[in-house]
Amino acid sequence: MTLISLVVPCYNEQASIPIFYKTVEKILTQFANHSGHYQWEYWFINDGSTDKTLDELEILNTKDPNRVHYIDFTRNFGKEAALLAGFTQADGQYIGVMDVDLQDPPELLPKMIELLDTTDNDVIATQRTGRNGEPRIRSWCSDRFYSLINKISKVKMRSGVRDYRLMRRSVVTAIISLPEYNRFSKGIFSWVGFKTKYLTFPHHDRVAGKTHWSFSQLVSYSLDGIMDFSAVPLAIASWIGIISFILAIFGLIFIVVRALIYGDPTIGWPSLVTIILMVGGIQLLCLGIIGKYISKIYLETKHRPLYLIKKER
């Protein structure tokens, strides 16, 4: 009997949870009745929700204690921590990741399971083929991010790929073994390797509620991903310094030659102030890039846990 564990992060999703459970249960029950040798469990991760998400999870746990399990964090630690907590607790031979808002179509689950059973793929991942209903600026920025990260990082990531996937136990074991505090799961999924097949699907709207990812959070998350998987920003900071130094030398030579030939009729305070501000801005930019990397090192050296559990069932 093959056990399938579904890891489902939740943050203020009280309206989505009952719909998600009912929908997935129906699909997996029909599939299991047809195939006959599958069991499944849910690991819901309550990531510091402030609504009645925990109450909904407790209701499901009471209704179906053998399948429905949940972890209640002491506060909001983020989706990366929620995924790691779920991976650590899941017991299945196959482990899946799904969003509770049903933007990840559960209708694909039977096909994903069959592909793991009948092929030598280690991961069946999903890729969204369109972004209908999403703000154009967000879609454009997302495409630019993947274009950039694939140019500056050795780890290649596909645009439109979701966290929604089904993995063999060996893949999850490899993911859990990575000890870093600063986690970017899209990069980690690619970094660990393993043979992966992608299934495509069109964009689905949320079944309830609204997204909890603001544009600024997505930008910050993207910057973290770049710095977690590339040292190119540090190299850029170094090249900016080198180029600025070379330009300063040429500028100094130009000023000296011009003064010798034409004299120096004007003092040039405005240009001097402009140059000082420009060079100062470049220095602050470079220091900011270096500081961001140092802050990540600082967090790693603290060895704090990625999450704290208040309740688990």
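These are my notebook entries on a predicted model, taken in the order in which I looked things up.

**Ground rules.** I number residues from 1 along each chain as its sequence is written, and my side-chain values use heavy atoms, with hydrogens and water left out. As the model is predicted, local features need pLDDT of at least 70 and side-chain atom pairs count only at pLDDT 80 or more, while totals for chains, interfaces and linings use all residues.

**Overall.** I find ten helices and eight strands in the chain. Both are DSSP runs numbered from the N terminus: helices are H or I with at least four residues, strands are E with at least two. Of the 313 residues, 43% count as buried; buried is under 20% relative accessible area, exposed over 50%, and partly exposed in between, with a 1.4 Å probe and protein chains only. I then took contacts (heavy atoms within 4.5 Å). Among those between residues at least 6 apart in sequence, 83% join residues at least 24 apart.

**Helix H6.** I looked up the buried residues of H6 (residues 169–177) and got Val-171, Val-172, Ala-174 and Ile-175. Seen down the axis, these buried residues fall within an arc of 155°, so they line one face of the helix. The arc is that of the directions from the helix axis to the C-beta atoms. What do the buried residues of H6 pack against? My list has helix H3 (79–89), strand S4 (94–97), strand S5 (123–128), strand S6 (161–168) and helix H7 (185–191).

**Cavity.** I searched the whole structure and found one cavity of 30 Å³ or more. The largest cavity holds about 70 Å³ of space. On a 1 Å grid over the protein atoms alone, a cavity is a set of points where a 1.4 Å probe fits but cannot get out, and lining residues have an atom within 4 Å of a point. Grid points are joined across faces, edges and corners, and the volume is the space filled by probe spheres set on the points. The lining of the largest cavity includes Glu-80, Phe-87, Ile-175, Arg-183 and Ile-188. H3 and H7 are the elements that give two or more residues to this lining, and H3 gives the most, with four residues.

**Ile-188.** I placed Ile-188 in helix H7. Ile-188 is buried, at a relative accessible area of 2%. From Ile-188 to Val-155 I get 8.9 Å, C-alpha to C-alpha, for 33 residues of sequence separation.

**Rings.** I paired rings of Phe, Tyr and Trp (its six-membered ring) if their centres lie within 6.5 Å; planes under 30 degrees apart count as stacked, over 60 as edge-to-face and the rest as tilted. The count comes to seven aromatic pairs. One of them, Tyr-42 with Phe-44, is stacked, at 5.8 Å centre to centre and 15° between the planes. Tyr-42 and Phe-44 are both buried. Phe-20, Tyr-21, Tyr-42 and Phe-44 form one aromatic cluster.

For charges over rings, I required NZ of Lys or CZ of Arg within 6 Å of the ring centre and within 35 degrees of the ring normal. Arg-67 lies over the face of Trp-40, at 3.9 Å from the ring centre. Arg-75 lies over the face of Phe-77, also at 3.9 Å from the ring centre.

**Phi.** Most residues other than glycine have a negative phi. Which residue has a positive phi of about 55° although it is not a glycine? I noted Asn-12, in the loop between strand S1 (2–10) and helix H1 (16–35). Phe-194 also has a positive phi, of about 75°. Phe-194 sits in the loop between H7 and strand S7 (196–201), and counts as partly exposed at 34% relative accessibility.

Key
On a 1 Å grid over the protein atoms alone, a cavity is a set of points where a 1.4 Å probe fits but cannot get out, and a pocket is an open set with protein on both sides within 12 Å along at least five of seven lines; lining residues have an atom within 4 Å of a point.
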